[in-house]
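Visitor: I am new to this structure, and I would like to get to know it step by step. Please show me around.

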Amino acid sequence: MTTNANSPQARSAGPRTLGKVRPHQTQNEALLFEKSSPGKRAYKLPPLDVPAVDAVKLLGAARRTTPGLLPELSEIEIIRHFTRLSTWNYAIDLGMYPLGSCTMKYNPRVNELVARIEGLAEAHPYRPESLAQGILEIFDLLQRCLLDITGMDAITLQPAAGAHGEFTGILLTRAWHESQGNPRKKIIIPDSAHGTNPATAAIVGYTVENLKSNSDGGIDLEALTRQVDGETAALMLTNPSTLGVFESQIHKIADILHAKGALLYMDGANMNALVGKVRPGDFGVDVMHLNLHKTFSTPHGGGGPGSGPVACKAFLEPFLPIPVLVRDQKGEEPCPDAGDWEDTNAEPTADGCPPLFRAPILKPDGERVGDTGPLPLHPFGGPLHWDYNRPQSVGRVRAFYGNTGMFIRALAYILANGPDGLRQTTEDAVLNANYIRKKLEDVYELPYKTASMHEVVFSDKRQAARGVKTGDIAKRLIDYGFHPYTVSFPLIVHGALMIEPTESESREELDLFVAAMRSIAREVEENPELVKTAPHSTRVSRLDEVQAARKPILRWKPQT
Ligand SMILES: Cc1ncc(COP(=O)(O)O)c(C=O)c1O
């Protein structure tokens with residue numbers, strides 16, 4: 001690594017702000033071990049007010065004779081150290097985080113408030129069901145909201161991340177094929193899929209067959225028809241794809257697969273482009289996963305644990321992981337406040353979108369006087385319990401029931417937005433991506449002209465002619481105070497710049513980003529070296545990423 005901030009080039013290049021507020025950069029910070037000096041303490045203990053214990057007698061030979069090598073500092077030194085380090089991090093709370101495919105959207109604080117409610121944060125998974133009905137109602141309500149959003153029939157919340165959801169969904173696929181007498185051998189995956197898809201198929205024991213996209217970035221139906229045969233277990237389709245393209249022929253794709261007894265698996269991690277507009281269950285998907293930590297705002301990417309629920313059609317329901325949440329309805333009367341939920345289907349909205357989790361409010365004579373907001377509690381009000389007696393289940397895929405904290409955050413986000421708010425977030429995410437596309441397409445090459453959904457993918461073709469690659473542009477973006485976009489992915493675009501603004505960004509922030517990207521494009525023309533050697537405003541410049549991956553130094557060792 002090269003120390004960079006004071007190089008002559010850095011001084012002349014300077015941090016480029018274009019009006020953007022930049023995080024404070026502390027240029028140097030020693031390790032706590034290096035700052036340690038003997039005898040310093042960050043605490044004072046009160047005088048002993050219980051009988052002293054003789055450690056030698058108590059521990060015998062197990063007693064430690066040399067003290068542990070720990071840093072010795074005062075309280076304020078420790079506080080300052082960690083506070084300074086925290087300012088080195090880029091975060092969505094500091095500015096736009098356009099990392100394509102990662103949906104780095106803002107996590108509203110109300111989610112955190114709810115997740116920290118004592119009774120929820122400290123709920124123990126071993127609590128008897130009779131004392132856990134509140135948290136089970138939360139699981140149940142989230143499940144029903146997600147089923148409504150996806151248009152699927154059954155769901156498990158267990159998987160702990162998107163890739164884990166894929167694994168679970170393909171396990172269901174395999175179990176179903178096995179129940180039909182043949183697990184089949186291969187899974188077809190388009191070249192525009194997320195990288196975890198082929199890994200998942202291979203881990204579940206399938207051969208991966210690649211399917212080349214057509215010139216629009218979509219599935220080539222004729223090629224698919226030729227490729228699907230009696231040994232095809234499923235097609236794994238990321239939709240919208242990593243190109244940000246919606247698969248407009250999805251119905252036909254489902255028909256081609258189903259005609260040969262194969263299933264359609266949808267990687268639904270990009271549902272932030274679809275929620276409230278269309279439902280995978282309505283366009284032929286058999287099984288899919290969601291990334292709660294992308295679509296429903298809970299922290300993503302190093303920011304916390306994930307959650308990858310898997311939703312499926314009814315025929316796959318017997319194979320869901322155990323335990324499955326079920327409601328005891330025996331002998332229960334409908335709850336008087338719950339409305340007429342079971343008997344009625346809300347109408348689609350005026351523009352044909354699905355009527356997400358609304359129940360009509362009916363007068364006693366049946367006249368519809370409006371809609372409820374979010375789903376009411378279940379109309380039959382019986383207790384919930386975990387069903388382990390499911391002979392066809394693929395078994396457990398995770399300890400306990402999943403990442404409960406993520407469920408609470410996702411449900412808070414869903415309920416706080418409501419059906420119309422969720423639809424609006426989808427529209428805003430797509431609008432923001434298209435705004436960036438329009439503002440940059442004259443300076444960066446747009447390899448696929450198909451309409452963009454939640455993200456837009458450019459290539460570095462024009463800049464590469466001046467010797468500047470996508471990675472260089474991304475590094476230069478750091479000097480302008482932005483987190484880089486996703487570099488060199490998807491692989492089907494050579495030198496890809498993958499940009500996903502999400503719905504969180506205001507027009508002003510998008511304009512700053514556009515100004516930074518346009519300014520870098522100008523620099524590439526006028527002074528390519530400046531971009532090729534960026535970043536210039538950081539504590540260190542380019543890291544040796546291969547060395548860091550192959551020989552990471554993860555702990556401090558005393559100097560000898
Ligand atoms: C389209 C897509 N599929 C799958 C995944 C994998 O999800 P996770 O990182 O939670 O395992 C991601 C992650 O961002 C994704 O964008």
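**A short tour in questions**

Visitor: Thr502 is found in a loop. Between which strand and which helix is this loop?
Guide: First, this is a predicted model, where local features need pLDDT of at least 70 and side-chain atom pairs count only at pLDDT 80 or more, while totals for chains, interfaces and linings use all residues. Residues are numbered from 1 along each chain as its sequence is written, and side-chain values use heavy atoms, with hydrogens and water left out. Helices (H or I, at least four residues) and strands (E, at least two) are DSSP runs numbered from the N terminus. On that basis, the loop with Thr502 is between strand E14 (496-499) and H16.

Visitor: Is Thr502 buried or exposed?
Guide: Buried means under 20% relative accessible area and exposed over 50%, with partly exposed in between (1.4 Å probe, protein chains only). Thr502 has a relative accessibility of 1%, so this residue counts as buried.

Visitor: Which residues is Thr502 in contact with, and how far is its side chain from the backbone nitrogen of Ser504?
Guide: Contact means heavy atoms within 4.5 Å. Leaving aside neighbours within four places in sequence, Thr502 is in contact with Thr103, Met104, Lys105, Ala429 and Asn432. From a polar atom of the Thr502 side chain to the backbone nitrogen of Ser504, the distance is 3.1 Å.

Visitor: How do H15 and H16 lie to each other: parallel, antiparallel, perpendicular or oblique?
Guide: Axes are lines fitted to C-alpha atoms, for helices over the stretch in contact, and angles run from 0 to 180 degrees between N-to-C directions. Helix H15 (residues 470-479) and helix H16 (residues 507-526) pack at about 125°, with axes 10 Å apart. Angles under 35 degrees count as roughly parallel, over 145 as roughly antiparallel, 65 to 115 as roughly perpendicular and the rest as oblique. H15 and H16 are therefore oblique.

Visitor: Which residues of H16 make the contact with H15?
Guide: On the H15 side, the contact is made by Ile473, Arg476 and Leu477. Their partners on H16 are Phe513, Ala516, Met517, Ile520 and Glu523.

Visitor: Which side chains make polar contacts with that of Asn107?
Guide: Asn107 sits in the loop between helix H4 (75-86) and helix H5 (109-115), and counts as buried because its relative accessibility is 9%. A polar contact is a pair of N or O atoms within 3.5 Å; within protein, one must be able to donate a hydrogen and the other to accept it, and residues adjacent in sequence count only if both atoms are side-chain atoms. At 2.6 Å the partner is Glu112, and at 3.4 Å it is Ser297.

Visitor: In what order do the 7 strands of the open sheet come?
Guide: Two strands pair if DSSP finds at least two bridges between them. The pairing in this sheet is mixed, and the order is E1-E7-E6-E5-E4-E2-E3. Pairing on one side only, the edge strands are strand E1 (154-156) and strand E3 (207-211).

Visitor: Which residue of E7 is the bridge partner of Met288?
Guide: E5 and E6 pair in the parallel sense over 4 bridges, with Asp267 opposite His289 in E6. E6 and E7 pair in the antiparallel sense over 3 bridges. There, the E7 partner of Met288 is Ala311.
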